[in-house]
Amino acid sequence: AALGASAEARTLLVSGADAPADRAEANDVLVGEVWLGSGQSNMQMTADGYIPGAPTREPTDPKPNDQNLLKLLDGAPYPTVRLVCTTYKNNSVRPERIEWQTASRENLLQFSAQLQSFGVPLSQRLNVPVGLILIAVGGSPSGRWIDPAAIRADPHVAPLIAGAAAKFSRADEEAKYAAALAKYEAEFAIWNLLPDAEKKTVKAPGKPAAVVAPGEGMRWPVGDLHDNVLSPFIGYGLRGVLWDQGESGSMVRAVDQFAAMQALIASWRREWGQRDLPFCVVQKPSGGGCAFDPADPVFGWATDSFEPLPERVAGDGRSREINQNLATIPGVFLVPTADLGSGLHPLNKFAYGARGLQVALTRVYGQSGPSSGPVFRSAEVLADRIRVTFDHTDGGLCFRQGDRLQGFAVAGADKKFVWADACIEGETVIVSSPKVPAPQFVRYAWDPNPRWANLFNGSGLPALTFRTDP
């Protein structure tokens with residue numbers, strides 16, 4: 001039977017009835033909440049790379065200066081927090097020995113900056129021990145983390161593979177590959193003859209990717225990280241998963257990221273025997289919007305500056321839309337991050353962990369508080385205007401920065417979008433444009449980096465990207 005949470009260090013003794021002398025013993029065992037942090041580099045990267053004094057990765061990068069993370073490190077050790085770290089550079093090594101570490105400052109420096117910023121405060125808020133298992137690999141697509149058998153059998157994935165396979169001809173594609181490879185080799189031979197100084201200014205030709213069939217992994221085998229890295233932990237009792245991945249997509253031919261993540265979540269829940277295992281999924285792309293309060297010491301210090309609207313409506317928000325749609329899966333909760341620092345590796349890792357904690361406390365543990373910014377509910381066409389209604393309007397709708405609400409665009413039946421005038425009415429926003437006398441469709445923050453979109457709820461969380469046009 002499950003034990004109650006306990007910070008008392010005890011001994012766990014395991015023995016068999018048929019061989020009582022054959023026993024195993026584990027000392028200094030705590031009982032509490034265990035969270036698995038997984039994904040790619042933003043989950044993997046360690047705290048020592050984000051505190052003041054850490055070297056920049058590129059000469060033009062801003063210097064790391066996460067004072068909140070530094071304060072967390074300086075507060076160590078944390079007796080009720082334990083760590084397991086398994087990250088790999090060659091991505092293929094199965095750990096020979098897995099053991100918990102104490103949350104000392106030295107160990108935390110070499111542990112995920114984001115996961116500790118989630119887990120240490122979680123232990124303090126719940127007043128129970130918290131174990132953090134880190135299993136993340138930089139640049140890893142979701143397809144590498146899924147059981148190979150499960151992805152092909154998944155009802156969301158199987159039709160995609162079957163449809164693509166019906167149109168696939170390996171012979172034709174191998175012929176195209178051979179021609180592309182010959183062209184590459186000829187161009188590379190010419191490039192390779194350039195002086196070394198010139199090679200620095202002339203980009204080398206790119207080698208074509210080898211042919212893979214629908215359902216096969218591009219560059220990596222499907223499920224290799226699942227089998228080599230994740231498998232030793234399957235079955236360990238978890239309270240939830242904090243997932244930060246998406247930049248690399250699925251990298252499974254014919255399988256999009258949304259379908260792959262549906263398969264991953266379903267298969268992990270099945271393998272762990274936890275049908276409702278919660279997933280807190282960090283919003284992607286990272287950051288990209290303005291802050292509710294740029295002076296906020298946790299969520300505002302590294303955010304992007306508010307910008308005026310571009311001259312034309314030309315962005316594409318599908319990458320955000322795909323990621324947000326994961327929250328339509330029961331038990332999957334989006335961690336909103338559009339108002340946090342952007343970039344491939346945002347500098348304010350503590351803020352990302354703290355936002356994940358905010359979502360976990362409300363959606364997983366049932367505590368009161370906001371967990372999301374305004375979420376599109378419906379749009380009603382009113383002659384020359386459209387009324388947009390939102391959920392998650394905690395504290396009311398509001399805009400921050402700038403002198404007006406912006407980020408909405410409208411279009412008629414021709415789907416030619418223009419920027420809209422927008423005003424807040426209760427839990428709704430009225431949008432219109434004199435250029436579109438009969439609006440049919442509306443979009444908000446439809447861009448990977450909508451620094452010009454400024455709708456929030458009164459709790460300080462940013463509105464999510466949406467569109468009503470199919």
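1. In this note, Ala, Val, Leu, Ile, Met, Phe, Trp, Tyr, Cys and Pro count as nonpolar, Asp, Glu, Lys and Arg as charged, and the others, Gly among them, as polar. On that scheme, the lining of the largest pocket has 20 nonpolar, seven polar and seven charged residues.

2. The model is predicted, with local features needing pLDDT of at least 70 and side-chain atom pairs pLDDT 80 or more, while totals for chains, interfaces and linings use all residues. Residues are numbered from 1 along each chain as its sequence is written, and side-chain values use heavy atoms, without hydrogens or water.

3. A pocket here is an open set of points, on a 1 Å grid over the protein atoms alone, where a 1.4 Å probe fits, with protein on both sides within 12 Å along at least five of seven lines, and its lining residues have an atom within 4 Å of a point. Of its 34 lining residues, Leu12, Val29, Leu30, Trp100 and Tyr236 are the closest to the centre.

4. Strands (DSSP runs of E, at least two residues, numbered from the N terminus) contribute to this lining, and S2 (23-31) is among those that supply at least two residues. S2 gives the most, with eight residues.

5. The second largest pocket, with a volume of about 490 Å³, is lined by 21 residues, and Gln324, Ala327, Thr328, Val375 and Leu464 lie nearest its centre. Strand S9 provides the largest share of that lining, three residues, and by class the lining has ten nonpolar, seven polar and four charged residues.

Terms used. Helix = DSSP H or I, 4+ residues; strand = E, 2+ residues; numbered from the N terminus. Points joined across faces, edges and corners; volume = space filled by probe spheres on them.
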